[in-house]
Amino acid sequence: MTRDNSDEPDDLPDPLERNLLWRTLQVILQNVLCFWLGYRARGMENIPPSGGGLMVVNHQSFLDPVLVGLPLRRPISFVARDSLFRVPVLGWVLNNMYAIPINREAASTASLRESIRRLKQGFLVGIFPEGTRTTDGCVGELKPGFLALMRRSKQPVYPIGISGAFEALPRGSFMLWPRRVRVIYGEPISAETIESYGRDDEGLLTVVRLRLIACHRAAEDWRLGREAAEV
């Protein structure tokens, strides 16, 4: 796939159907993770069957992209560190799973353009606005860099909360522990709502963070057997 030429949308794959690699991995991982982690998800009806959208997800572990995409038929283009694309085999997998490379050490206009291009072509694009994995399982402060993508893409934003992945695969661990995992897909923040904030970065950042916290809390309540709040 050509990643750098935003003038040629025809080089993109189908935004509504996963390729053979994705579909094969999905079947395998659904069986493994539902058994080993008791994986469950709610709110998938909030993700439309077509049209672009930005998915903002709390970052608990390396499993997160898989956990978010597992119950969906549509592919998700997650933004990933560009260094990972240079790792043998892993780079090939990332390319075939629609990932978008980003250089976290410098401002990357290329990744911004590519993300916007995919959103406008009807893709779901996934980001972790905390910028790194949590150290305590809670939602951390959000980096404001993704606000430009929200505004320029003019697409709805879908907050998604993950609970249990931190316990199943904490930072520094290479062992996948059998811990219960839950995922909540929240109701979208509309493009009109985003536009209404104008250049108020602090206000928009607060709205996204509160919605993300609400989704995470609902997933946590569900995982621990407490009554989940509406998100």
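Analyst: At the start of helix 1, asparagine 19 reaches in with its side chain: an oxygen there comes to within 3.2 Å of the backbone nitrogen of leucine 21. The model is predicted. Helix 1 itself covers residues 20-36, 17 residues in all. From first C-alpha to last, helix 1 reaches 24 Å, close to the 24 Å expected at 1.5 Å a residue. Even so, helix 1 has a kink of about 25°, centred on leucine 29.

Which residues of helix 1 are buried? They are Trp22, Gln26 and Leu33. An α-helix has 3.6 residues a turn, so residues three or four places apart point the same way. The buried residues of helix 1 pack against two partners, helix 2 (64-69) and helix 3 (90-96). Just after helix 1 comes glycine 38, with a positive phi of about 60°.

Now the surroundings. The largest pocket holds about 1,400 Å³ of space. Its lining has 40 residues, and the closest to its centre are Val79, Ala80, Arg81, Ile102 and Phe128. Helix 1 is among the elements that give two or more residues to this lining. Helix 2 and helix 3 are also on that list, along with strand 3 (76-81), helix 4 (109-120) and helix 5 (147-153). Strand 3 gives the most, with five residues.

Helix 3 deserves a look at both sides. In the loop between strand 3 and helix 3 sits valine 89. Valine 89 is not a glycine, yet its phi is positive, about 70°. Its relative accessibility is 64%, so valine 89 counts as exposed. In the loop between helix 3 and strand 4 (100-102) lies tyrosine 98. Tyrosine 98 also has a positive phi, near 70°, in a residue other than glycine. Is tyrosine 98 buried or exposed? At 3% relative accessibility, tyrosine 98 counts as buried.

Leaving aside residues up to four places away in sequence, serine 111 touches Ile100, Pro101 and Ile102. Ile102 is also one of the residues closest to the centre of the largest pocket.

Glycine 225 follows helix 8, and its phi is positive, near 80°.

How values were computed. Residues are numbered from 1 along each chain as its sequence is written. Side-chain values use heavy atoms; hydrogens and water are left out. Helices (H or I, at least four residues) and strands (E, at least two) are DSSP runs, numbered from the N terminus. The expected span of a helix is 1.5 Å times one less than its number of residues. The bend at a residue is the angle between axes fitted to the seven residues ending there and the seven starting there. Buried means under 20% relative accessible area, exposed over 50%, partly exposed in between (1.4 Å probe, protein chains only). Contact means heavy atoms within 4.5 Å. A polar contact is a pair of N or O atoms within 3.5 Å; within protein, one must be able to donate a hydrogen and the other to accept it, and residues adjacent in sequence count only if both atoms are side-chain atoms. On a 1 Å grid over the protein atoms alone, a cavity is a set of points where a 1.4 Å probe fits but cannot get out, and a pocket is an open set with protein on both sides within 12 Å along at least five of seven lines; lining residues have an atom within 4 Å of a point. Grid points are joined across faces, edges and corners, and a volume is the space filled by probe spheres set on the points.
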